[in-house]
Amino acid sequence: MTAKKNNMTVKYVIEVISIVLGLYIALFIEPSGLLTKEGLIVLGIFVWGIINLMLGLVGEYMVTMAMGALWFVSGAVSFNTAFSGFAGSTFWLIVATMGLGAAVKKSGLLKRLSLYSLKFFKPTYAGQLLSIVIMGIIIAPLIPSTSAKCAIMGALVLGISDELGLAKRGAGRFGLLMALWIGFNITGNVYVNASFQGYMVLGLLPADTQATYTWITWLIRSLPWAIIVIVGMYLFTKYTYKEPNIKELSKEYIAEQFKAIGKLSRNEIITAVVMACCLIMFILESTTGIGAVVVCILGMTVLTFTKVIGKEEFVSSSLWPLVVFIGSTLGFSNVFSTVGIDVWLGSVLEPIAATLTNPYLFVAVICILTYVVRLFVAQTATNTLMVAIIYPLAVSLGMDPWIACVVIYGSSVIFYPLYTHSNILICYGACGGEENIDEKYFLKADIAFMIINLVAFLASVPFWSMLGMC
């Protein structure tokens, strides 16, 4: 109790310091050059906000909403500018994808699709390890919620672990958890629609950059990274966490699982058709000219009118504090450009840019910097803040700002300590928690991911260079 009290005291002291620092920047630093009075006010409030996002005294959504309100009340920007993120297409796209995720979760379609993998892969430990990863790759673009996928599939992975007779807290159970992580979370970065964060980070980039990235463009430019990370992590998991004398899955177990979910339901059929149509429209976006936001909203409309999801499911599955946080942060770039902070930031970063002209060095520095930031800041906050700050540096170096965006997004997936990623906690809990999974395995796996991820991004540079991106 004393340690907890002392920790809170330290946080309150830092809070006071953040307020003083913010006020000093906003009120006492004289405007000069590119930094106007309005820019200093925005910057002071922004510094206060970053510190509070790290402190965690209140929810992230409250911090970012307060930042917008303070920017408006201080007269730095208009209300419409401060909260412009809520008016953009990206915000509504994220809301719609969360609705689609709620439909898939309710219908039971994900579990049925995953069970089919049991039939097509060997009933051995190695076979099921591969099946979980492969099914994740296939299912990822159909379901825009990594959290839902991890939660639902975690229960199935727990059942497979028990049926294989894997020792509790042994390497084998952790290996299957990592297969779940690879197949159903890491793949969220491969397809822009596989997680709401894909559209979120893309929405932080300049409008002209956003216009060049369709579903298929994002996928193609992510392929080198995706192949190296997925294959590398799979091989690492297969050979590091294997156990001897593991029995095979019985045909009776597979039959029981299918019997438990019953016949294909009306809701599953409707959901499958809608998600397939959405995926086709995503792929054909450059041909049809119909953007992802329209496709997702129409898909959600069909699922609502057919009663696949109702008001309760939409409200409970949409994570409204997160939605508000995202809407608030999506307006940051507009606020910065309005008061000239983007131009000022570019001039400040210019000396740094002079040392990072080599794209390999740029990628390595941003990757490692993201690892460090993620130890202190949650993934969503890291992605929004770092992309908003770093992409101007990529622009000044003559690179496509998407490179900075995707390196930050991919590197933010680190999962140790466990508090750094909510989805790893979901996987951990769904796979049986402390009773079944020994935490000692996580650190080694996380280090392996950090190394493989860095190698994958460095290996992507020649491909991006060939495309004229850097």
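User: Why is K168 called partly exposed?

Analyst: Happy to explain, and please keep in mind that this is a predicted model. The relative accessible area of K168 is 46%. Buried means under 20% and exposed means over 50%, so K168, at 46%, falls in between and is partly exposed.

User: What makes the contact of E435 and K168 a salt bridge?

Analyst: The side chains of these two residues meet at 2.7 Å, N to O. The cut-off is within 4 Å for a Lys or Arg nitrogen and an Asp or Glu carboxyl oxygen, so the pair of E435 and K168 qualifies. E435 sits in helix α25 (residues 433-436), while K168 is in the loop between α8 (146-163) and α9 (171-184), 267 residues apart.

User: Is E435 buried or exposed, and how do you know?

Analyst: Its relative accessibility is 51%. Exposed requires over 50%, so E435 counts as exposed.

User: Which residue does R169 meet in a salt bridge, and what makes it one?

Analyst: R169 pairs with D438 at 3.4 Å, N to O, which is within the 4 Å limit. This pair also links distant parts of the chain: R169 is in the loop between α8 and α9, and D438 in the loop between α25 and α26 (442-466), 269 residues apart.

User: Why do R169 and D438 get their accessibility labels?

Analyst: R169 has 33% relative accessibility and counts as partly exposed, because that value lies between 20% and 50%. D438, with 14%, is buried, because 14% is under 20%.

User: How do you know that D400 and R221 form a salt bridge?

Analyst: Their side chains meet at 3.5 Å, N to O, again within 4 Å. D400 lies in the loop between α22 (379-396) and α23 (401-411) and R221 in helix α12 (residues 215-240), so the pair ties together parts 179 residues apart in sequence. Both residues are buried. A search of the whole structure finds 4 salt bridges.

User: Why is F28 called exposed?

Analyst: Its relative accessibility of 58% is over the 50% cut-off, so F28 counts as exposed. F28 is found in helix α1 (residues 2-28). Together with I19, L21, L23, Y24 and L27, F28 makes a nonpolar surface patch of about 590 Å².

User: What is the volume of the largest pocket, and which residues are closest to its centre?

Analyst: The largest pocket holds about 880 Å³ of space. It is lined by 43 residues, and S147, F196, L322, T380 and S422 are the closest to its centre. By class, the lining has 20 nonpolar, 20 polar and 3 charged residues.

Notes
Residues numbered from 1 in each chain as written. Predicted model: local features only at pLDDT ≥ 70, side-chain atom pairs only at ≥ 80, totals over all residues. Heavy atoms only, no water. Helix = DSSP H or I, 4+ residues; strand = E, 2+ residues; numbered from the N terminus. Buried < 20%, exposed > 50% of the residue type's maximum accessible area, 1.4 Å probe, protein only. Patch = residues over 30% accessible without salt bridge, like charges linked within 9 Å, V, L, I, M, F, W, Y side chains within 5 Å. Areas by Shrake-Rupley, 256 points an atom, 1.4 Å probe, with all protein chains shown as cover. 1 Å grid on protein atoms, 1.4 Å probe; cavity = no way out; pocket = protein on both sides within 12 Å on 5 of 7 lines; lining within 4 Å. Points joined across faces, edges and corners; volume = space filled by probe spheres on them. Nonpolar A, V, L, I, M, F, W, Y, C, P; charged D, E, K, R; others polar.
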